[in-house]
Every structure is written in C-alpha cells, then in structure tokens.
Amino acid sequence: MALTVYILGSGQDGGLPQFGSRMSADMAARVDPLAVRLGPSICVLDDVGRCFLVDVSPDIKEQENRLLTIPAYARRAVTNPFDGVLLTHAHMGHYAGLVHFGREAANCRDLPVYCTEKMASFLAANAPWEQLVKLGNIELRSVGTRGSVSLQAGPGLSIRAIPVLHRGEYTDTVGISINEKLLYVPDIDNWDAWPAAREEVSKHEICLLDATFYSREELPGRDLREISHPFITDTLAKFGDLAKGRRIILTHFNHSNPVCDPASKQAQRVLKAGFELAQEMLAIPL
Ligand SMILES: [Zn+2]
Ligand SMILES: [Zn+2]
C-alpha cells in the first residue's frame, strides 16, 4: 500500500496572513493565495483514501477543501473525515480545529484521537473538548507519557510518539516518527534540549522540523527565554552535515519569517545549505 504524506499547513499556529497583523507579508498574503500558509498539520493518505491526520489546526475546513482535490481522498467513505488523529500538544494551532468534529459540524463517530495522557486529561476535563468525548465524537487513546510509544494507526502505518521539550502550559509535547521513515517535530524549545536530536534526524530519510523563526533579528526587544523555538540559523548549524544524506524540510513558519518568501536571501541561504522549505500541500511519498 503506497502511503503519501501531505503538508496541510506550513505556517506557525496563527498561519499567514495572521489575524490582526498588518505587516507587509500578511497584507500581501491577503491578496495572493499562493502566499497563504495554513496552520500546522500533516496527514498520511493511502491509495484507497484512508487518511490519518496529525494535528487539527484552526484551518481544518480549508485543509479539507484542499484534500478533496486529491482523488484518493475524495473517494473515501464519509463517516468520519479521517480514520484517526494524533495531537502533538495543546497550543491553539495544533488542536483548536477539533471544534469542527462535534455535533454542530462533522459530528464524527468514535474517531480515535491519539495523544499523551496529559493531553487526554486536558481534553476530557475542559469545555468545549469534553463534550466531544462525552458525545462519542472522539475516542481518546493514550500514546503514553514516558519515552517513545508506538501505535498501529492503520494498515501499513506505524506511528511512534517522541516526547520533546516545549512551552507546556497545559500539556506536554510530542514529535512523531511515521514508519521510522519520516520525522515530524513542528514545535520544540531548542535542539540542545533534546539529547536524541541528532540520533533521531540521522535515523530518518525525511525530517520536517520546527523553523518558526529565522534568526533573533526577527524579534527585536523580545526576551530570548520567551522564545520556545530554535532559530533556522541554529538548525542549519546543528544539522547541516546531515542534510546531505536525507531530506530535511523546514516548516511551521511564523508570519514574520523571511523564508516565507521563497525569493528572499534567507530562503536562498536555506536551499543552498541543502535544506528544503515546506510548501502547502507538498506531497511526500513514503
Ligand atoms: Zn505550533
Ligand atoms: Zn507549540
């Protein structure tokens, strides 16, 4: 069974354009659909339309529209829009789209939602998410809290959740490995806080990594301790040698990130270093 990963959203949680912002990149994206970047999410689709979603962004409606242009997805039976979901953590860009899974919208039935025990407790204890659990729209399944945990998410699809350190007001955070081939870490405080970072990147043929900000110049006046993401300049230094033997695709771009414009000198520097920049609906065969 051939599996394909699609990048459903390459933006940071607020996407591009970002609500409330009048920066030039946001104003440009409001009139140029090609410049738009949706909230962070990927999915794994097989030939017969089985589809597993990783994170539910607030842009899930538009992401479904885009998925419906893919014949394999358009052919699937419509009981639930997805066969399973995994949530990495409880920051708004990664789970708030769950509001569409309830009775006011998709009214899903027993949709398996995989997450850490902390995340499951958070969803089960707080409105409006707890209603999704009570009404049987979603069924919470734990990926564990310690170390790596594997789950069989469907035929030929194995997911390993990898705990990573990331600003955790409500829950902990995981990255994931899909079939030990593709690594997805959209949010992490910094690479040095993850002792297995180089080992995990080395193990995977394709890595989609947190690239929220390009450099500290992008954030004048901000306390660096408040920034819970690595800078792209650090990522190029940390994994530059590993970019030769594998695809390292940068993603989760903040609206202020100059690499959102592929013509920028910063984007060119990333490409020259052998890294790729995520594009909306990029298809990655596994
Ligand atoms: Zn995020
Ligand atoms: Zn986050």
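This is a predicted model: local features need pLDDT of at least 70, side-chain atom pairs count only at pLDDT 80 or more; totals for chains, interfaces and linings use all residues.
How many of the 286 residues in the chain are buried, as a percentage? Buried residues make up 55% of them.

1. **Contacts across the sequence.** Among contacts in the chain with a separation of 6 or more, 69% are between residues 24 or more positions apart.

2. **Surface and charge.** The chain exposes about 12500 Å², and carbon and sulfur atoms supply 53% of that area. As for charge, there are 29 positive and 34 negative charges, and their mean positions are 2 Å apart.

3. **Helix α8.** Now zoom in on residues 232–239, which form α8 and include the buried residues I232, T235, L236 and F239. Seen down the helix axis, the buried residues of α8 fall within an arc of 100°, so they line one face of the helix. They pack against α7 (197–203), β11 (206–210), β12 (247–251) and α9 (265–272).

4. **Helix α9.** In α9, Q266, A267 and V270 are buried. Viewed down the axis of α9, these buried residues also lie within an arc of 100°, so they line one face. K265 and K272, on the other side of α9, are exposed. The cover over the buried residues of α9 includes α8, β12 and β13 (276–277). Just after α9 comes G274, with a positive phi of about 90°.

5. **S264, on the way into α9.** Is S264 buried or exposed? S264 is buried, because its relative accessible area of 11% is under the 20% cut-off. This serine lies in the loop between β12 and α9. Apart from its neighbours within four places in sequence, S264 is in contact with P258 and V259. For a sense of distance, S264 and R109 are 155 residues apart in sequence and 45 Å apart in space, C-alpha to C-alpha.

6. **Two cis peptide bonds.** Most peptide bonds are trans, so the next two places deserve a look. The bond from L16 to P17 is cis, with omega near 5°; P17 sits in the loop between β1 (3–9) and α1 (24–31). A127 and P128 are also joined by a cis peptide bond, with omega about 0°. P128 belongs to the loop between α5 (117–125) and α6 (129–134).

7. Most residues other than glycine have a negative phi. What is the phi of D110? Its value is near 50°, which is positive in a residue other than glycine. D110 is in the loop between α4 (92–95) and β5 (111–115), and at 44% relative accessibility D110 counts as partly exposed. N179 is not a glycine either, yet has a positive phi of about 50°. Its loop runs between β9 (173–178) and β10 (182–185). N179 is partly exposed, with a relative accessible area of 25%.

How values were computed. Residues are numbered from 1 along each chain as its sequence is written. Chains are lettered from A and ligands numbered from 1 in the order in which they are written. Side-chain values use heavy atoms; hydrogens and water are left out. Buried means under 20% relative accessible area, exposed over 50%, partly exposed in between (1.4 Å probe, protein chains only). Contact means heavy atoms within 4.5 Å. Accessible areas come from the Shrake-Rupley method with a 1.4 Å probe; for residues, only the protein chains shown count as cover. Lys and Arg count as positive and Asp and Glu as negative; His and the chain ends are not counted. The place of a charge is taken as NZ of Lys, CZ of Arg, CG of Asp or CD of Glu. Helices (H or I, at least four residues) and strands (E, at least two) are DSSP runs, numbered from the N terminus. The arc is that of the directions from the helix axis to the C-beta atoms.
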